[in-house]
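Thanks for coming. I will go through one structure today and keep to what was computed from it.

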Amino acid sequence: YRETEVIRARWAMLGALGCIFPELMNGAGFNLPVWFKAGGQIFDQGIDYLGNPNLVHAQSALAVLSTQVVLMGASEAYRFNGGPLGNGADALYPGGAFDPLGFAKDSTKAAELKVKEI
């Protein structure tokens with residue numbers, strides 16, 4: 001149960017970044033919709049990723065949904081089966097390349113941070 005909560009919290013943090021990122025990109029000159037209207041554009045004129053119709057111009061909600069289900073299902077299956085870490089590694093706090101700031105070097109500090117994350 002704890003593992004799923006930590007993973008969901010990390011997805012929520014990425015979702016929050018997905019709400020803020022288009023606003024920042026608009027400040028840099030891109031023409032992106034606000035986050036709560038972005039999905040509805042597929043029914044009007046299609047979705048241009050990064051404001052460029054030559055990059056990806058999605059016009060079918062069913063195609064976007066099926067692509068997302070396949071990609072997310074594959075990545076979750078990969079994670080569930082051990083992923084790049086193999087079996088036996090800590091799936092939530094692998095360390096190594098996933099700890100570039102060195103938070104887990106001190107084991108007592110790492111244990112405290114794990115509790116604070118929840």
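From the N terminus on, the elements run α-α-β-β-α-α. That makes four helices and two strands, where helices (H or I, at least four residues) and strands (E, at least two) are DSSP runs, numbered from the N terminus. This is a predicted model, in which local features need pLDDT of at least 70 and side-chain atom pairs count only at pLDDT 80 or more, while totals for chains, interfaces and linings use all residues. Residues are numbered from 1 along each chain as its sequence is written, and side-chain values use heavy atoms, with hydrogens and water left out.

Next, burial. Of the 118 residues in the protein, 12% are buried. Buried means under 20% relative accessible area, exposed means over 50%, and partly exposed is in between (1.4 Å probe, protein chains only).

Now helix α1, residues 2-27. How many salt bridges does a search of the whole structure find? The search finds one, a salt bridge being a side-chain nitrogen of Lys or Arg within 4 Å of a carboxyl oxygen of Asp or Glu. Arg8 pairs with Glu5, and the closest N and O atoms are 3.8 Å apart. The two are three residues apart in α1, so about one helical turn separates them. Arg8 counts as exposed because its relative accessibility is 56%; Glu5, at 34%, counts as partly exposed.

Further along α1 is Ala16, which is partly exposed at a relative accessible area of 37%. Ala16 lies 19 residues from Trp35 in sequence, and their C-alpha atoms are 9.9 Å apart in space.

Leu17 is also in α1 and is partly exposed, with a relative accessible area of 49%. Together with Trp11, Leu14, Phe21 and Met72, Leu17 makes a nonpolar surface patch of about 480 Å². Patches take residues with over 30% relative accessible area and no salt bridge, joining like charges within 9 Å and nonpolar side chains (Val, Leu, Ile, Met, Phe, Trp, Tyr) within 5 Å. Accessible areas come from the Shrake-Rupley method with a 1.4 Å probe, and for residues only the protein chains shown count as cover. α1 gives the most to this patch, with four residues.

On to the second largest pocket, with a volume of about 740 Å³. Of the 22 residues that line this pocket, Pro22, Ala38, Gly39, Ile47 and Tyr49 are the closest to its centre. The elements giving two or more residues to the lining are α1, α2 (41-44), β1 (47-48) and α3 (61-80). A pocket, on a 1 Å grid over the protein atoms alone, is an open set of points where a 1.4 Å probe fits, with protein on both sides within 12 Å along at least five of seven lines; lining residues have an atom within 4 Å of a point. By class, the lining has 13 nonpolar, eight polar and one charged residues.

Last, Pro33 sits in the loop between α1 and α2. Pro33 is partly exposed, at 23% relative accessibility. Pro33 and Ile47 are 14 residues apart in sequence, with 9.8 Å between their C-alpha atoms.

Key: Points joined across faces, edges and corners; volume = space filled by probe spheres on them. Nonpolar A, V, L, I, M, F, W, Y, C, P; charged D, E, K, R; others polar.
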